[in-house]
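Please prepare a briefing on the structure shown below.

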Amino acid sequence: MNPFPEDIFTESADVDPDTLANLGPLTRLAGSWRSANGADVNPKADGPEHRQYIETIRFEPIDPQANGPQLFYGLRYHVHINTPEEEITFHDQVGYWLWEPATGLVLQTLAIPRAQVAMAAGHAKPDDTKLVLTAKRGETEYGICSTAFLEHAFRTDSYQIEVTFNPDGSWSYVLDTMLMVHGKPFQHRDVNTLVKVAEPKPNPLMLLNK
Ligand code: HEM
């Protein structure tokens with residue numbers, strides 16, 4: 001039996017315009033963050049390459065979003081990464097983090113400019129200090145979609161992000177993107193701890209209500 005209501009059109013009347021007050025476990029992500037100590041392992045022709053990276057992330061509160069009765073509060077994000085050696089982009093990523101208070105569902109949508117998109121899902125409680133979200137190739141709900149070339153050369157079978165909120169206000173992540181390269185599994189791993197550099201602005205609807 002599915003857990004969804006018969007009425008798929010009627011939206012909740014109980015929507016708070018203040019996204020920042022309703023982000024549950026995502027509250028601590030809002031704002032801008034930076035770190036120069038990221039660690040990446042990526043696939044290269046002559047074996048795994050290990051690189052240190054510099055990361056900037058901005059999470060901006062968006063207005064509450066309804067799919068009929070399903071209500072999300074969320075953040076739009078942009079990750080930009082370069083390396084100490086080069087100013088050029090090493091990794092770039094955009095998407096949304098979403099929280100459904102009614103069910104504890106946490107979602108991350110992500111798009112990266114090597115023409116790849118994914119949506120990872122997990123569940124959490126509002127005060128959790130650890131989030132684990134996963135996406136799997138071939139799933140139609142929380143899946144991964146790549147170009148034909150990536151499917152051929154760097155097939156991406158799964159993605160997992162583990163976020164830990166640290167007692168000092170920083171947060172850390174471990175990303176595991178499992179690739180198949182020349183028929184062998186490759187663990188493309190990224191790890192970083194981000195420190196806040198700016199507070200978030202309220203979402204547009206909240207600013208109108210002020
Ligand atoms: C902090 C996050 C990340 C960094 C710094 C990073 C960095 C890199 C680098 C430097 C390469 C090798 C590029 C090349 O030689 O052409 C690479 C390859 C790749 N990455 Fe990432 N990556 C990150 C996250 C991700 C995520 C989240 C995904 C997908 C869900 C992903 C998918 C891939 C794929 C499929 C390749 C192989 C394609 C290729 O090498 O041409 N990466 N990544």
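Leu107 has Ala121 in strand 6 as its bridge partner. Strand 5 (residues 105-112) and strand 6 (residues 116-123) are antiparallel and pair over eight bridges; two strands pair if DSSP finds at least two bridges between them. Strands are DSSP runs (E, at least two residues), numbered from the N terminus. This is a predicted model, in which local features need pLDDT of at least 70, side-chain atom pairs count only at pLDDT 80 or more, and totals for chains, interfaces and linings use all residues. Residues are numbered from 1 along each chain as its sequence is written, and side-chain values use heavy atoms, with hydrogens and water left out.

**Strands 5, 6 and 8**

- Strand 5 and strand 6 form a hairpin with three residues between them, and Ala115 in the turn has a positive phi of about 65°.
- Strand 6 also pairs with strand 8 (residues 144-146), in the antiparallel sense and over three bridges.
- Within that pairing, Gln116 has Ser146 in strand 8 as its bridge partner.

- Strand 7 (residues 130-136) runs antiparallel to strand 9 (residues 155-165), and seven bridges join them.
- Ile161 in strand 9 is the bridge partner of Leu133.
- Strand 9 is also joined to strand 10 (residues 171-181) by 10 bridges, and these two strands run antiparallel.
- Opposite Phe165 stands Trp171 in strand 10.
- The hairpin of strand 9 and strand 10 has five residues between the strands, and Gly169 in its turn has a positive phi of about 95°.

**The ligand and its surroundings**

- The ligand sits in the largest pocket. A pocket is defined on a 1 Å grid over the protein atoms alone, as an open set of points where a 1.4 Å probe fits, with protein on both sides within 12 Å along at least five of seven lines; a molecule sits in a pocket if more than half of its atoms lie within 2 Å of its grid points.
- Elements giving two or more residues to the shell around the ligand include strand 1 (31-44), strand 4 (91-100) and strand 11 (184-198).
- Of the 22 residues around the ligand (a heavy atom within 4 Å), Lys44, Phe90, His91, Arg114 and His188 come nearest.

**Atoms facing the ligand**

- An N or O atom in the side chain of Lys44 is 2.5 Å from an oxygen atom of the ligand.
- A polar side-chain atom of His91 lies 3.3 Å from a nitrogen atom of the ligand.
- His188 is found in strand 11, and its NE2 is the only protein donor of the iron atom of the ligand, at 2.1 Å; donors are N, O and S atoms within 2.8 Å of the metal (3.2 Å for Na, K and Ca).

Terms used:
Helix = DSSP H or I, 4+ residues; strand = E, 2+ residues; numbered from the N terminus. Polar contact = N/O pair within 3.5 Å; in protein donor to acceptor, adjacent residues only side chain to side chain. 1 Å grid on protein atoms, 1.4 Å probe; cavity = no way out; pocket = protein on both sides within 12 Å on 5 of 7 lines; lining within 4 Å.
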